[in-house]
Structure formats: C-alpha cells, structure tokens
Amino acid sequence: MRITIFIPATIAALMVTAACNKSVSDRTANLPPLNPADQDLTAGSWKPMLLSRPDTFAVATPAATNSTGYLADINEIKGYQKSMTDAQLGAIKYWSAGGVLRWNEIMRNLVAKYNLPPYQNSDTSYPIPSSTNPFAYPYFPFANPPYAARAYAYVAAAQYDALVACWYYKNLYKRAAPYKTDSTIKVYVTKTDLPSYPSEAAVLAGVTTEMMKLLFPDEIASVQQKLQEQELAAIMSGAATRSDITAGEALGRQVAQMFVTRARGDNAGKAVGTQADWNNFKTVAEAKDQTPWLSLETPKRPPMLPLFGKVKCFLFDSATLVSLRPGPPPSTGSDSMKSITAEVYSTIKSPTRDQMKLVQFWADGVGTYTPPGHWNAIAAEDFIKKNFSEVRWARNMALLNCAEMDAAISCWDIKYYYFNPRPSQMNGEIKTLTGVPNFPSYVSGHSMFSGAAATILGHIIPERASAYMQMAQDAANSRFVGGIHYRIDCEVGLTVGKNVGNYAVLRATQDGAE
Amino acid sequence: MLNPTFKKYILPLAMFLLPASFLRAQTDLDAIMMSKKNLCIGGTYMYSSWDHYWEGTFKRNNLNIGKMSTQMFGLMGTYGISRKLNVIFGAPYVTTHVTAGTLHDQHGIQDLSAWLKWMAVEQNVGKGVLSVYVLGGGSIPLTNYIADYLPLSIGLQSKTLSGRVMVDYQVGKFFATLSGTYTWRSNIKIDRNSYYTTSLHLTNEVEMPDMTSVNFRTGYRSERWIIEAVLANMTTRGGFDIRKNDMPFPSNRMNATMVGPHFKYNFKAVDGLSLEGGGSYTVAGRNVGQSTNFDAGVFYILDFSSKKKKK
C-alpha cells in the first residue's frame, strides 16, 4: 500500500486558523473606572421625579470613623483584599465603569430576552403573559416597545431620585471614603472627594433590584445576584464600607417603593384591553368611513397594548397628551392614500443593499432591546466619553427614558385613535425588509422614539445635536424604505417625537442640574 | 481500478435552514477523480422547500412564512491537475421566497467555493479496491448579500476552510464511500450593532461556530451509471437554539440529517456529456427547515491533454 505523506496547503492553513480565537467582546467590555469631571456634590438639591424632598426617607447618622464598628468595616475590606480571585477583580473592573451604565446594560439584556411575542394556542388564540404567573409560558413580560419604554423609564427615574437622596446624605454626613480614612487600603477605583455614606453603588443596586421585581419578576434571582456582585465589588475595591452599603441599599429600596406604587396605578396593567376594546377600535374606524387596521399575522393576533395611550405620563398631563395628537392621515379611500401606498410599493419593490442595511440597523424588532433600548445604547456610549458623575448619569438617563416612555404613550394614543392600516394591508404586494409590527401604522413608533430621544440628547450633549437628529432621520426613514410605514407616518412621527422630547428639555432646564 | 474519466462537480457548503445540495454526488464528496488536463464544467439547478422547521428541538410550522423555497443555479467545474490531484470550484446564484407573511424575497450570487482533492491511497484490498482521499477546501462570499435576514438570506457571509478525509471501497460495480469533514467558519459582521443569542452582545461581530459533517453513500457504479443512496449529517459545534417565536440567527446551532437517492448517467452518444439528478429529505434537524430537495445537473468534459484519452 502506497501512503504518501502529503498535506495540502489548505489543510495546514486550516489547522493554523482553527487555533485562532474567535471570541467576540462587547464595545463596553474594557472600560476604565468612572472618573467624573465633576462629582456634582450639590446634586442633593436637584429636583427629583417623584420624591417631594431628598430626605423623604431617613438615613441614620453613620458611626464615627474612629468607632469600633467602623474599624470592623475597614478590617472587612482588608480581609477581602488579602486575596482576590480573577473573577472578583473582573467584577470590580466591570462595575467601576459605572453603576448606572451597567444596570442600563443589564436592563437592555432583559428587554431583548423578553421581547418575544407569545406563540399561539392550539385553537389559534394567543395566550397573554401574566404578572401573577410570570414563570410559566408565555413568560411575563412580553417586553415589546411600549412595555420596554416604560420599564426603562421607571428604572431610570427611580435611580435618579434615589441618587439625588444619596447625594443629599453624602453631603450631609460627609463621611470620607475608606481609602481616605485608612491609607493602607488598596484602591481599585478612581480616588475622589465624594463622601462614601451612603454608597451610591448600593443605592443603585437596591433601587434597581426593587424595580426589577415589578418589571421582570422572572429574573429576581439573577438580579439579586447582580446586586450582591455590585455591592461586594464596591467593598473589595476600597470604595465603600459595609455600613455605607447597608445604608445605601436600604435607601434605594425605599425610594423604589414610591415608583412601584406609581407603576401599579399608572394604567399599564390594563393596556392589553379586552375583546370588546379590540372590537370597538374597528367599529369606530368604520363609523368614520375608514378601513380599519387588521393584524397581518396568521392567526390574527390581538393588537399590541391598545390601551397603552391611557398610561400616566412622566413629563406632561393627559390634556397635553391629547394636544400632541396630530391631524389625521389621508382617508383610506382617498386618491392620496392610493398614491402614498404606491410610493411604498415602488420603494420596496427592488430594494438595494444599502436600503436593507438601513432597515436592519434600526429595525430593533423581535428579540432586540427595542428602539428605546437602541437610543439608550447610543446615549450610554456617548455618556461614557463625557465622564459624568453617577448622579448625572442617572439624571440624563431619566430624562431620556421619561421622554421615550411618554413618546410611547403619545404614539400609542395616536395609533389607536386613528387605527390606520399598514401599507401591506392596503396592498398585499408590499413586502417588507423586517417584520411588520402588530399595531396600527399612523404614526411611526420608531420615528417618535427617535425624535424624542434626539431632542433631549441634543440638549444634554449640544455638540452632538445635529448628529442625533441625523440618526433620528435615518431611523424614521428606515421604516419607510423597509415597507413598514408610509412616508407621512415617519415625518409626522418625527415631529411629534420632537415635541415630546421638548418636554424633557423643559424639565432639564428646571431641575437644578444645569 | 476506478475509471478516471468520470466527471464531477461541486456545490457550495451546506447553508442555513437548507443544507443545500448536501446529498448530491459532488466531486468533493465522492471517490471519483478527473484525468490530467481534463476540465469538467457544468450547470446545476436545485429546488428546496419546507413548511415545517425546528425551533431548537421544537418542530413547528409558521403561517407567516407558509412554504419557504430556495432555488440555486450553479456553475461548477473540476480540473485534473493530475490523475491524483484535482481542483474543484463552483458558485451559485440563489433565490429565496416565502408564500405567506410579508417578508421580502432575496436573490443574488452567493459564495465561491473551491477544493483541492488528493487521492492519497489506491490499493487492492481483498476482492475490491480501497482508496483514500484527503481534501482541503474553502469558500468566500462573492457579494455582500445580507446574512442576518433568516430564513430568507441566501447565505451566511462566513468564510470557511474545510478539511476532509474520505474512504471508498469498491467491489465489482458496488461501492461504499464514507467521509468526515471539519469546517472552520470565520466570524461575520452584521448590519445591526447589537444582537441577542443567550445574552445581549454589544457588537456587530458574530462568533460563528464551526461545523462537522459526515457523508455516507453506497450503490452501483459503472462507467455508464452511478446509482446510489446517500445519508448525510451536518452538526454545528456550538451555537444556540432559536427561542420560541424568535427569528433565526446566523450563529444558531443548525443540525440536519438527510437521506435520499442520487444518480448520474454518462451518455454513450456524446463522449464527455453527463446528466445527474437526485432528491433528499431531512429526517431530523435542529434550527433548520425540514427541507425536501431536488437537483439536476448537466456536465461536459473538455480534454486539454495532448493525447486523446482512450475511449
């Protein structure tokens, strides 16, 4: 038997390349510790979202730094620092980039995880996720765009109020950080003059964990684990003592309760509606001589959160909400409707690769962190470069996300007020470059979210204002060139979104932070 | 000994939800070599469709997809550098279509693939002939078609490198061929800058798991005819399951086991002309469509050697 020793070059190349590491890392995986340009020491006087006063919840006077209790705290830090594992050092590095940032990323992860429409029942009806039984399929919540917008807003607003209270007590008690009271403590974060009691890390952990119980009840265990990781990292890093942590977590949990109470009464729980509600939208549209919206899914799925327009806003009252409503889209029987439908068809008939890319980049559909999540990602990556303090991070995220939630409420109010059909309903030949969302067309949600976000972000980072507005324009346009929306849905949506965003700007100019 | 004048072709690597052409007689999957300085060129057509698919291990249909179909129009060639070393190449034009829902069709030129095929051993063993082949191959996308638009994407945009060992044993006119392949796949970049697998990734780069495949074929092989039954399996070494009611993703764990018949006929009247055809059915899968596939191809051999082959 002849056996030649011969290895083709390609096989050798294969073995070399197979050894290459293919692992992919996140854009924010290797950030340096947060190093604020300004600690915002007076942030205790900023205007909270819900709290009437920064000291609504009492935080006890801390033990003196020469007390035996404090010495025990210091010894705990030193004890941990004697030997730390790579995993513990990794956790310190991860959390030191910023608690608001990391919790925002955790939130986006959960939204993407829960953003899946329920699979139909065998009788072609659809099950509805229930907060009373979140652990059984369909899991609660279905984190669709309105749900997600509201969830981001509640968490961000609660974090902001909790940190305003935190900063108030930091400034009141002025307890120095452990690395200032004992110079032998190693420091794994940026050294600052910010007092450490109560710990801002623990405030964030406490307030967020408490909000997550309401918003993502299936994740209580995983969120609790994050809380422990963040708090332990704060101690091990030399940034906080056990007593700083304990006081901070308790404060955060108390502040969260105010937001939980508000959330339970904000009408979101009733947003799914009933069969009678669903029928009524159709009846109303037909009475106005309009072709009513129809679900394009098979089996027909009930409309997504049709009563979400009744949810209580953060930035304005219900009269303002009605005043934000734009005039009607073209009548469904009109020539104008025919012509805007034909425009969608001609745009989508032979899409270019660039068109597909634009659509995909902004699609933020099923299984993603949704359009508000996308704007959180955009904001977070710019905030990182600005070196904001934790409390300013929280304030800016609260402004952004309250704008996004109120944009969702306004958008859903408009969508179900007009109950306008999608382009693919008017012309079955219109195929789309991403999934058609299961709710009425006018106005575009992506456009509203983007208009609102670009407006408030442009206020927060003025040098990026035109860039944000260009992104918003792209996001809006992506829905038209993707065959999802008529052009007018996007144009009007962008305008109404900017109007919503201006309410956030108004608040920003009055909250004492500027 | 094997007749060296059998002509063959290649098809591209198994692609998403549709391990296209996985079972066809392909030069990169059969124990047949082209003669020195002979070029076999041909055109192939394949039609594949499914209306059920596996979402992870859960088998379902989807009335918002209806029937998903893929057509491939391939150009293929095999050239004999020597009787023991062949180079094989091919590239398809692909169209995809769904019969329900609103998702837009896709079409375009997919990936160029190429193999070097070396007959390392050819030896009489017992009553038959044992041959062993070593192959190395690769593929690269020829256009920037969209990968992150499954199930309608025409391909996955990954560059691949493959190594394969194949053993063939023929007794009289009956044969069996077994091959095993390891395919390394490069990471891809998608149009989005974040995506969820089993957790959120804040990047546009997607880690593509490698694949292995096994192909077993057996049947009748003469100068005129090949008639064979094929059993094939492809397994993704990693990746993740599609969640309930989620969209598929390029780095899903796509596995499939397929069976089917295949034939090839060399015309008597026109020397060098051959016809091929076959079908296959997916009997088991994970994160792929349960496809039924049909294929046909016409091939012709151009002889560039100075001396004409004996007939």
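Two residues are in contact if their C-beta atoms, placed from the backbone, lie within 7 Å. By that criterion, 47 residues from chain A and 39 residues from chain B make up the contact between the chains. The model is predicted, with an ipTM of 0.94 and a pTM of 0.94.

**Contact between the chains**
- On the side of chain A that touches chain B, helices α1 (9-18), α4 (99-114) and α13 (353-363) of chain A each supply at least two residues.
- The most comes from α1(A), which gives six residues to this side.
- By type, the residues on this side of chain A are 25 nonpolar, twelve polar and ten charged.

**Nonpolar cores**
- The largest nonpolar core has 182 residues, and A:Y154, A:A157, A:A158, A:C402, A:A403 and A:A453 touch the most other members.
- Helix α5 (residues 145-173) of chain A contributes the largest share of this core, 20 residues.
- This core lies between domain 1 (43-56 + 79-264) and domain 2 (309-510) of chain A, because both give residues to it.
- Leaving aside residues up to four places away in sequence, A:Y154 touches A:M211, A:L215, A:F259 and A:A263.
- A second, separate core of 16 residues includes B:M33, B:W115, B:V134 and B:L135.

**Confidence in chain B**
- Chain B has a mean pLDDT of 89, and 90% of its residues reach 70 or more.
- Residues 1-26 of chain B have pLDDT below 50, yet this stretch has 116 contacts in the model beyond near neighbours in sequence.
- Where pLDDT is low, the predicted coordinates should not be read in detail.

Conventions. Residues are numbered from 1 along each chain as its sequence is written. Chains are lettered from A and ligands numbered from 1 in the order in which they are written. This is a predicted model: local features need pLDDT of at least 70, side-chain atom pairs count only at pLDDT 80 or more; totals for chains, interfaces and linings use all residues. A nonpolar core is a set of buried Ala, Val, Leu, Ile, Met, Phe, Trp, Tyr and Cys residues joined through C-beta atoms within 7 Å. A residue is buried if 20 or more other C-beta atoms lie within 10 Å of its own, exposed if 12 or fewer, and partly exposed in between; C-beta atoms are placed from the backbone. Helices (H or I, at least four residues) and strands (E, at least two) are DSSP runs, numbered from the N terminus. Domain bounds come from an automatic or database domain assignment. Ala, Val, Leu, Ile, Met, Phe, Trp, Tyr, Cys and Pro count as nonpolar, Asp, Glu, Lys and Arg as charged, and the others, Gly among them, as polar. pLDDT is the predictor's confidence in each residue, from 0 to 100.
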